[in-house]
Amino acid sequence: MGVDEQKEEREVLDSIFPDEITDLSDTSYRISITLDQPADFHDESVEPPIILLNVTYPETYPDVGPHLDLSAPPSAAKHPLIEVAEDKAQLLDALAPTIEESLGMAMVFTLVSTLKELAEQLMADRQRQEDEIRDMEVRKKEEEANRKFYGTKVTKERFLEWQANFKKEMEEAARVQREEEEAEEKKKGGAKAAAKAEEKRMTGRQLWEKGLVGKDADIEGEDLTEGVKELKVGA
């Protein structure tokens, strides 16, 4: 396609986009594309975003693709769902398959339509993500509120976890009690041994005073044979 054919495409585009197209030179022009906002975007204070598509014909167009660039109007406010400066590379890369499929044919109108669809889909995807995050936060708040009134819902997993923890607590309590009982038994055994040792060391008088021998026992000579017949004292 020569210069004449490029001008012919330009004239066709002028009839399609009479208020949106602006010539920049003999071989380049700019098309203003107004995007439709997602159906679930309800902020009426935000104006629909506009993308400016700059098109430059190379000498061998359309056997090669046109040179494309994207920008936003100088006075445009930042839109919450799309930022042309940040999204330009992604959008231009997404046009590559359309350019490849359209080589040899006038393709600018197709590129404008495809770019509009891609940008609007990008906005819709971001709106859906925001809605999902918002819904998740709402559900989380509702669950927290329900827990305050109804407590934590018992599931099979939570019950098994509680059961395992309870078993561990019971085993630990039993171990502590067992150790305490063993310590007490050792303490009692030590006391009995000490008492027996004390009895071994007592004199006949001390045994008599404690009532451990009969009154007729020979205290002076400590002849306690008759008085301690029933008392077993180790040697």
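V64 touches P58 and L103 when residues up to four places away in sequence are not counted, a contact being a pair of heavy atoms within 4.5 Å. This residue is found in the loop between β3 and β4, where helices (H or I, at least four residues) and strands (E, at least two) are DSSP runs numbered from the N terminus. With a relative accessible area of 35%, V64 is partly exposed, a class that lies between buried (under 20% relative accessible area) and exposed (over 50%), as judged with a 1.4 Å probe and protein chains only. V64 and G104 are 40 residues apart in sequence, yet their C-alpha atoms are 7.5 Å apart in space. P62 also has its place in the loop between β3 and β4, and a cis peptide bond, with omega of about 10 degrees, joins Y61 and P62. Most peptide bonds, by contrast, are trans.

The model is predicted, so that local features need pLDDT of at least 70 and side-chain atom pairs count only at pLDDT 80 or more, whereas totals for chains, interfaces and linings use all residues. Residues are numbered from 1 along each chain as its sequence is written, and side-chain values use heavy atoms, with hydrogens and water left out.

The secondary structure of the chain comes to 5 helices and 4 strands, and from the N terminus on the elements run α-β-β-β-β-α-α-α-α. Of the 235 residues of the chain, 24% count as buried. Among the contacts with a separation of 6 or more, 52% are accounted for by residues 24 or more positions apart.

In soluble globular proteins, nonpolar side chains tend to be buried together.

When neighbours within four places in sequence are left aside, N54 is in contact with L24, Y29, R30, H67, L68, D69 and S71.
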